[in-house]
Amino acid sequence: MDYQAWVEKKIAEIRLAVGDATALNALSGGVDSSVVTVLGHRALGERLKTVFIDNALMREGEPERVVSMFAQMEIPVDRIDSRKAFLDALAGLTDPEEKRCAITDTFYRTVFGDLVRSSGAKYLLHGTILTDIEETVAGIKRQHNILAQMGIDPREEYGYHILEPLADLRKDGVREVARVLGLPAALSERIPFPGPALATRIVGEVTTERLDTVRAATTIVEEELADSGAFQYMAVLLTDKATGIRDGRREFGEIIVVRCIHSVDAREATAVELPWDLLHRLCERITSIPGVNRCLYDLTPKPPATIEYV
Ligand code: XMP
């Protein structure tokens, strides 16, 4: 595929669709939304308003890091603090689909609805990729970002149009486009990170305390596995607990799972054979997080597992 030609075609399509109106897009800092942001800015310039929605589910330092990376590319990004709205919507929910729905609804209806109304934007640019669409249509998972494919009319339900310029690409194609667009390697080669963020890595209820635990484990996993060459790696917090010993006393503690996988396009995945000493180091660091006394390594391929846990 000629990605340069693809880029030019998409920029023209975005310009044509939006016309003289204004558009809005949410940047999470993942490669998909980063590519959409740059494509959108090339197409629309200042008529595209880019926001970073702080949903409380982000990794350590993520909001600051993303805003500053785009500032270096001279793309202004507004940080919107929506932490309370998301945490309130997730309170008490344990079912994976209910959690995903709560995030979808908070994102589109509450946060985005308000932003669209206040900004006057009629278009929303979204980084949905082909794999999201296929898996949702196949009933494997309700991805948070593809309302149209779920039979929801976003114009009717939410009051605006959604453009999905990446809907014909898989992750490997998106990375090619990122390189063509000249995005820094820190963005184009970034491991995938899902829209619902750390909520996909917390089995059971999402609370501030449980987010802190999985966030601390995520920082460790990302530091230790940065050079692994893997497609994706993550830390997951389970609802089960296990008995352990800390400071000579019995402790009923949390269990963190580490997952590190090879994949080309996220449709299939296999666990990476990590060196034993690296696994030991991960285990030692993760079990030093307060309240965590077990660390497991997940060997399950996709299928039968999915990559995320929720
Ligand atoms: P699963 O867990 O379905 O993940 O095997 C496949 C790939 O998609 C990412 N993922 C998501 N990305 N919104 C996203 O933008 C989502 O709701 C979502 N769920 C999963 C996941 O990280 C993996 O790379």
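Trainee: Which residues are buried in helix α6 (residues 130–137)?

Mentor: This is a predicted model, and a residue counts as buried when its relative accessible area is under 20%. Helix α6 spans residues 130–137. Within α6, the buried residues are T131, D132, I133, E135 and T136.

Trainee: Which residue just after α6 takes a positive phi, and of about how many degrees?

Mentor: The residue in question is G139, which comes just after α6. The phi of G139 is positive, at about 80 degrees.

Trainee: How many of the residues of α2 are buried?

Mentor: Helix α2 covers residues 31–44 and has 14 residues. Its reach from first C-alpha to last is 20 Å, close to the 20 Å expected at 1.5 Å a residue. Helix α2 is largely enclosed by the rest of the structure, because the number of its 14 residues that are buried is 13.

Trainee: At roughly what angle do the axes of α4 and α5 cross?

Mentor: Two packed helices are described by the distance between their axes and the angle between them. For α4 (residues 83–90) and α5 (residues 96–119), the axes come within 9 Å. The crossing is right-handed. The angle between the two axes is roughly 145 degrees.

Trainee: Which residues of α5 does α4 meet?

Mentor: On the side of α4, the residues are A85, F86, A89 and L90. By class, this contact has eight nonpolar, one polar and one charged residues. The residues of α5 that take part are K99, A102, I103, T106, F107 and V111.

Trainee: Which residues have the most contacts inside the largest nonpolar core?

Mentor: The largest nonpolar core has 51 residues. Its largest share, eight residues, comes from α5. A second, separate core has 35 residues, including A23 and L48. Inside the largest core, the residues with the most contacts are I53, F112, L225 and I286.

Trainee: With which residues is L225 in contact, leaving aside its neighbours within four places in sequence?

Mentor: Contact requires heavy atoms within 4.5 Å. Once neighbours within four places in sequence are set aside, the partners of L225 are Y233, V258, C260, L274, L278 and L282.

Trainee: Does P192 count as buried or exposed?

Mentor: P192 lies in the loop between α9 (185–188) and α10 (208–225). Leaving aside neighbours within four places in sequence, P192 is in contact with K171, R175, R201, F231 and Q232. Its relative accessibility is 8%, so P192 counts as buried.

Conventions
Residues numbered from 1 in each chain as written. Predicted model: local features only at pLDDT ≥ 70, side-chain atom pairs only at ≥ 80, totals over all residues. Heavy atoms only, no water. Axes fitted to C-alpha atoms, helices over the stretch in contact; angles between N-to-C directions. Helix = DSSP H or I, 4+ residues; strand = E, 2+ residues; numbered from the N terminus. Left-handed = near helix turned anticlockwise from the far one by under 90°. Nonpolar A, V, L, I, M, F, W, Y, C, P; charged D, E, K, R; others polar. Core = buried A, V, L, I, M, F, W, Y, C linked by side-chain atoms within 4.5 Å. Buried < 20%, exposed > 50% of the residue type's maximum accessible area, 1.4 Å probe, protein only. Expected span 1.5 Å × (residues − 1).
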